[in-house]
Amino acid sequence: MPTLGGLVAAARATPVAASAWPSQPVRLICPFAAGGPTDVAARLVADGLTNVLPQRVLVENRTGSGVVVGTETVAKAPRDGYTILYSTIAHAVLRPLFSSLSFDPVADFRPVALVGTVPMLLMVNKDVPARNLQELIALFRDKPGRYDYGSSGAGGAVHLATELFLRQAGDLKVNHIPYRGSAPAMPDLLNGNLTMFLNVASDGIASVQSGATRALAVSSAQRLPQLPDVPTFAEAGLPGYEAYTWHMLFAPAGTPEEVVNALNQAVNKVVRMPNVQQRFTELSVQPRSDSTPASAAAWLRSEMAKWEPLVRESGITAN
């Protein structure tokens, strides 16, 4: 017997709306601040979709309570494909970070496409004596609680990736200093107030190339083309460690299947565009142009299985 929720979703997602989609502009909700790296990528994808689809795709920044406000906007939107979400790994840790949500991050959303993954770059200030990852681990192990690492905020991708590293390296004790974004943390790394910053790669490449910071490892399975001499964590002696933030498009649950598929195909077409791939490379986004709604959903499930226990066991809470 159909559930009440299923009947409501079916009623809101009419065949007429699906067959005519899109017959009006589409809102792409970005729950991150304008001008930040996620917003830049979202606007790149929106511009591409505007060229591919017969209607404009307009980015709308809805921030507040982390990504909760913007995500809630899409969760409660009509299931017609005209309000969609552009989010990140933040979506995968909403349940353990927030004790009370007015929506369910899984049941109320339909993953449409995984747009790309963004690796992290482990940097230390240039005065740190460690010249490689194993020396840094030894430094932290020998003097627990003496050193500090920065993050772009409690519960964010940088915080999660760092805690995973510290755990896999032997439950190392390093003090966490949360900032309101990556930008204010970088000066403290440069001036020596922070020992380590495992930041999104795009924010750290320039400082490494200039010699202002030292990179010891990259969190992806392959080395970065911009920093070919920086090893992966596996190459640096910590096999099994990989961490990314990532970009994904979501539609409200109950959005007609043909709308979800049409949007998926359009997103993949945009990601294959040479200008988009070039800009993604500059942003250290590793594009995914072969994603399906099913594979995007599987990716989300695997990420939630990876990060939710870490958040709970580490006692991480949202700012």
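Helices (H or I, at least four residues) and strands (E, at least two) are DSSP runs, numbered from the N terminus. This is a predicted model, in which local features need pLDDT of at least 70, side-chain atom pairs count only at pLDDT 80 or more, and totals for chains, interfaces and linings use all residues. Residues are numbered from 1 along each chain as its sequence is written, and side-chain values use heavy atoms, with hydrogens and water left out.

Start with strand 3, residues 83-87. Five of its five residues are buried. Here, buried means under 20% relative accessible area, exposed means over 50%, and partly exposed lies in between (1.4 Å probe, protein chains only). Thr 83, Leu 85 and Ser 87 point one way from strand 3. Ile 84 and Tyr 86 point the other way. Ile 84 counts as buried because its relative accessibility is 1%. In space, Ile 84 lies 45 Å from Arg 131, C-alpha to C-alpha, and the two are 47 residues apart in sequence.

Which strands pair with strand 3? Two strands pair if DSSP finds at least two bridges between them. Strand 1 pairs with strand 3 in the parallel sense, over three bridges. There, Ile 29 stands opposite Leu 85. Strand 9 is joined to strand 3 by three bridges too, but these two run antiparallel. Leu 85 has Phe 250 as its bridge partner in strand 9.

Phe 250 is buried, with a relative accessible area of 0%. Its C-alpha atom is separated by 34 Å from that of Val 230, 20 residues apart along the chain.

## Strand 5, helix 7 and strand 6

Now move along the chain. Strand 5, helix 7 and strand 6 make a right-handed β-α-β unit. A crossover is right-handed if, with the strands pointing away from the viewer, the path from the first strand over the helix to the second runs clockwise. Strand 5 (residues 148-151) and strand 6 (residues 175-178) run parallel, joined by four bridges. Asp 148 stands opposite Asn 175 in strand 6. Strand 5 also runs parallel to strand 7, with two bridges between them. In that pairing, Gly 150 has Phe 197 as its partner.

Is helix 7 largely enclosed or open? Of its 12 residues, 10 are buried, so helix 7 is largely enclosed by the rest of the structure. Among the buried ones are Ala 157, His 159, Glu 163 and Phe 165.

Gly 170 follows helix 7, and its phi is positive, near 120°. Asp 171 sits in the loop between helix 7 and strand 6. Asp 171 has a positive phi of about 55°, although it is not a glycine.

In helix 10, the buried residues include Val 259, Val 260, Leu 263, Ala 266 and Val 270. An α-helix has 3.6 residues a turn, so residues three or four places apart point the same way.

## The largest pocket

Rolling a probe the size of a water molecule over the atoms shows where empty space is left. A pocket is found on a 1 Å grid over the protein atoms alone: a 1.4 Å probe fits at its points, and it is an open set with protein on both sides within 12 Å along at least five of seven lines. Lining residues have an atom within 4 Å of a point.

How many residues line the largest pocket? The lining holds 41 residues, and Phe 32, Val 67, Ser 152, Gly 156 and Gly 181 lie nearest the centre. Helix 3, helix 7 and strand 9 are among the elements that each supply at least two lining residues.

A cis peptide bond joins Trp 21 and Pro 22, with omega about -10°. Pro 22 is in the loop between helix 2 and strand 1. Ser 65 is in the loop between strand 2 and helix 4. Ser 65 is not a glycine, yet its phi is positive, about 50°.
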